[in-house]
Amino acid sequence: MRTLLDACVLFPTILREILTDVAAAGAYTPLWSERILQEWRHATAKLGRDQQEIAGAEAALLQSRFPNAMVAVGRESELGVQLPDAGDLHVLKAALDGRADVIVTLNLRDFPARTLRQLGLSALHPDEFLTDLARRDPDLVGSAVRRALARAHAAGGTGLSQRDMLARARLPRLNKFLSKSAGKGLDRA
């Protein structure tokens, strides 16, 4: 499944780490554009210049990790549709040019289902997207979550629980699913 990742799911570090670890394990093919990566770096500017530089380095690492993820985007004017936020036309065009099946975004209201259906696309919240992937392969997604939690602990968030981490990443359904799956696994042991 080819999946365009919107800038808003790349900026929260934990969400990006989970999404990209799941992609690296082969659950889906991630896509983005140079402009999406620029939007991510721009969003971090609010946190200070050092954070913007870190985001630039992280974006470069992401590009080297997924060398085929970059989509060359054509002219947005070719779309012939409107979105609530004209700035998101680029995301839509990138999804089409990258032959994506789905757009993963926190801003679902900016991508009306009716408009996307006309173009053969859909948009999903990352919580729904990752929960759907976890239903297919709970070990793969669960491993990505555990690695993200380990990295958060190593970065100084030692008191952070999986539940708190996933709540901060706006992934409560995923947490609920993984918690139930872990409980079922213990019952079978």
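A crossing of two helices is called left-handed if the near helix is turned anticlockwise from the far one by less than a right angle, and right-handed if the turn is clockwise. The views below are all taken from a predicted model.

**View 1. Helix α3 passes helix α4 in a right-handed crossing.** The contact draws on Glu 34, Leu 37, Trp 40, Arg 41, His 42 and Thr 44 from α3, and on Gln 51, Gln 52, Ala 55, Gly 56, Glu 58, Ala 59, Leu 62 and Gln 63 from α4. By class, the residues of this contact comprise 5 nonpolar, 6 polar and 3 charged. Helix α3 covers residues 34-44 and helix α4 residues 49-65, and the two pack with their axes 8 Å apart at an angle of about 155 degrees. Since angles over 145 degrees count as roughly antiparallel, α3 and α4 are therefore roughly antiparallel to each other.

**View 2. Leu 37 sits in helix α3.** The residue is buried, its relative accessible area being 0%. When residues up to four places away in sequence are not counted, Leu 37 touches Leu 10, Trp 32, Gln 63 and Met 70. Leu 37 and Ala 86, which are 49 residues apart in sequence, are 18 Å apart in space from C-alpha to C-alpha.

**View 3. Helix α2 packs against helix α8 at an angle of about 140 degrees.** The axes of α2 and α8 are 9 Å apart, and α2 passes α8 in a right-handed crossing. The contact is formed by Ile 14, Glu 17, Ile 18, Asp 21 and Val 22 of α2 together with Leu 140, Val 141, Ala 144, Val 145, Arg 147, Ala 148 and Arg 151 of α8. Sorted by class, the residues of the contact of α2 with α8 are 8 nonpolar, no polar and 4 charged. The two helices are therefore oblique to each other.

**View 4. Helix α8 spans residues 138-154.** With 17 residues, α8 reaches 24 Å from its first C-alpha to its last, which is close to the 24 Å expected at 1.5 Å a residue. Just after the helix, Gly 156 takes a positive phi of about 110 degrees.

**View 5. Helix α2 and helix α7 meet in a left-handed crossing.** The axes of α2 (residues 13-24) and α7 (residues 126-136) come within 12 Å and cross at roughly 35 degrees. Leu 15, Ile 18, Leu 19 and Val 22 of α2 make the contact with Pro 126, Phe 129, Leu 130 and Leu 133 of α7. This contact of α2 with α7 has 8 nonpolar residues, with no polar and no charged ones.

**View 6. Arg 16 lies in helix α2.** Arg 16 is buried, with a relative accessible area of 6%. Leaving aside its neighbours within four places in sequence, Arg 16 is in contact with Val 9, Leu 10, Phe 11, Trp 40, Glu 58 and Leu 62.

**View 7. Helix α5 is mostly covered, with 7 of its 9 residues buried.** The buried residues of α5 are Leu 89, His 90, Val 91, Leu 92, Lys 93, Ala 94 and Ala 95, and the elements against which they pack are β1 (2-5), α3, β3 and α6 (113-118). After the helix comes Arg 99, which is found in the loop between α5 (89-97) and β3 (102-104). Arg 99 has a positive phi of about 55 degrees although it is not a glycine, and this residue is exposed, with a relative accessible area of 59%.

**View 8. Asn 175 is found in helix α10, residues 172-188.** Asn 175 is buried, with a relative accessible area of 10%, and apart from neighbours within four places in sequence Asn 175 is in contact with Gln 162, Arg 163 and Leu 166. In the loop between α9 (162-168) and α10 lies Arg 170, which has a positive phi of about 65 degrees although it is not a glycine.

Terms used:
Residues numbered from 1 in each chain as written. Predicted model: local features only at pLDDT ≥ 70, side-chain atom pairs only at ≥ 80, totals over all residues. Heavy atoms only, no water. Helix = DSSP H or I, 4+ residues; strand = E, 2+ residues; numbered from the N terminus. Expected span 1.5 Å × (residues − 1). Axes fitted to C-alpha atoms, helices over the stretch in contact; angles between N-to-C directions. Parallel < 35°, antiparallel > 145°, perpendicular 65-115°, else oblique. Contact = heavy atoms within 4.5 Å. Nonpolar A, V, L, I, M, F, W, Y, C, P; charged D, E, K, R; others polar. Buried < 20%, exposed > 50% of the residue type's maximum accessible area, 1.4 Å probe, protein only.
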